[in-house]
Every structure is written in C-alpha cells, then in structure tokens.
Amino acid sequence: QVHLVESGGGLVQAGGSLRLSCAASGLTFSSYTMGWFRQAPEKEREFVALTSWFLGQTKYADSVKGRFTISRDNPKNTAYLQMNSLNPEDTAVYYCAARSKYSSDTYDHWGQGTQVTVSS
C-alpha cells in the first residue's frame, strides 16, 4: 500500500522560509514523478511544482518560480519543497502527489496535506 506523508508545514512570517518533506513508501520511488500542489481556503487546488522520475527534471508554477525549489532524494524515498520569500498568498494546505512513469497526467497517489500559514 502506498503512503505519502508530508511534514514541515507551520506558521511563518512574510519573507520567511519553510521546507516541506514528502516521505513515500510502498512504491518504487525512482519510477514516479513527484508533485506538490496547494489549496487555499475557498480556492481550487493548484499545481506548485514537480520533479520528474526522468533525471529529476523540474517544473514550477509561475507564481513560485524563483522562490520555491523542488528536489528529490531517491535513496531516501523523499521529495522536498524549499519555500523562500513566502508571502501571505502562499497560505494553503500543501499536498504531495506521485505519478507513475506509466501514467499520463493523472497523479496516482496523494498525501494528507500539511498546512502552511504565512502571516503579514
């Protein structure tokens, strides 16, 4: 059974930093693209960043480019999201997700989420 467990969320002041972690189990981590998504209150879930199973290539939403960095450690089965220069608009529940290299666009597995709150 696949489990994705996020950690590292919390309350931070504007301009601060947080590092989220996503620990995966029950899957061949190196064969999965790992993504981060977020959902703010009364808003739809949105894509934040991904790191591909293939060479760890990365992609970011325009809103976080230059501020967030996604990475992965395959031996540790863990993906990370380093978030710098946070602002109140980054406040949301952050979810990690895993997409098999055999899937097209659909993420196969999701974590339970971790709350990030940025105060002004």
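**Exercise 1. Find the residues in contact with Met 83, leaving aside its neighbours within four places in sequence.**

Step 1. Apply the cut-off: contact means heavy atoms within 4.5 Å.
Step 2. List the partners. Met 83 is in contact with Gly 16, Ser 17, Leu 18, Leu 20, Arg 67, Phe 68, Tyr 94 and Val 116.
Step 3. Know your model. It is predicted: local features need pLDDT of at least 70, side-chain atom pairs count only at pLDDT 80 or more, and totals for chains, interfaces and linings use all residues. Residues are numbered from 1 along each chain as its sequence is written, and side-chain values use heavy atoms, with hydrogens and water left out.

**Exercise 2. Name the residues that touch the most other members of the largest nonpolar core.**

Step 1. Define the core. It is a set of buried Ala, Val, Leu, Ile, Met, Phe, Trp, Tyr and Cys residues joined through side-chain atoms within 4.5 Å. Buried means under 20% relative accessible area, exposed over 50%, and partly exposed in between (1.4 Å probe, protein chains only).
Step 2. Read off the names. The core has 29 residues, and Trp 36, Leu 81, Met 83 and Tyr 94 touch the most other members.
Step 3. Strands (E, at least two residues) and helices (H or I, at least four) are DSSP runs, numbered from the N terminus.

**Exercise 3. Is Arg 38 buried or exposed? Find its polar contacts to Glu 46 and Asp 90.**

Step 1. Use the area. Arg 38 has a relative accessible area of 6%, so it is buried.
Step 2. Recall the rule. A polar contact is a pair of N or O atoms within 3.5 Å; within protein, one must be able to donate a hydrogen and the other to accept it, and residues adjacent in sequence count only if both atoms are side-chain atoms.
Step 3. Apply the rule. The side chains of Arg 38 and Glu 46 make a polar contact of 2.6 Å. The side chains of Arg 38 and Asp 90 make one of 2.9 Å.

**Exercise 4. Locate the disulfide.**

Step 1. Take the cut-off: a pair of cysteine sulfur atoms within 2.5 Å.
Step 2. Count. There is 1 disulfide.
Step 3. Identify the pair. The sulfur atoms of Cys 22 and Cys 96 are 2.0 Å apart.
Step 4. Cys 22 is in strand β3 and Cys 96 in strand β9, 74 residues apart.
Step 5. Finish the description. Both Cys 22 and Cys 96 are buried. Their link is right-handed, with 50 degrees about the S-S bond.
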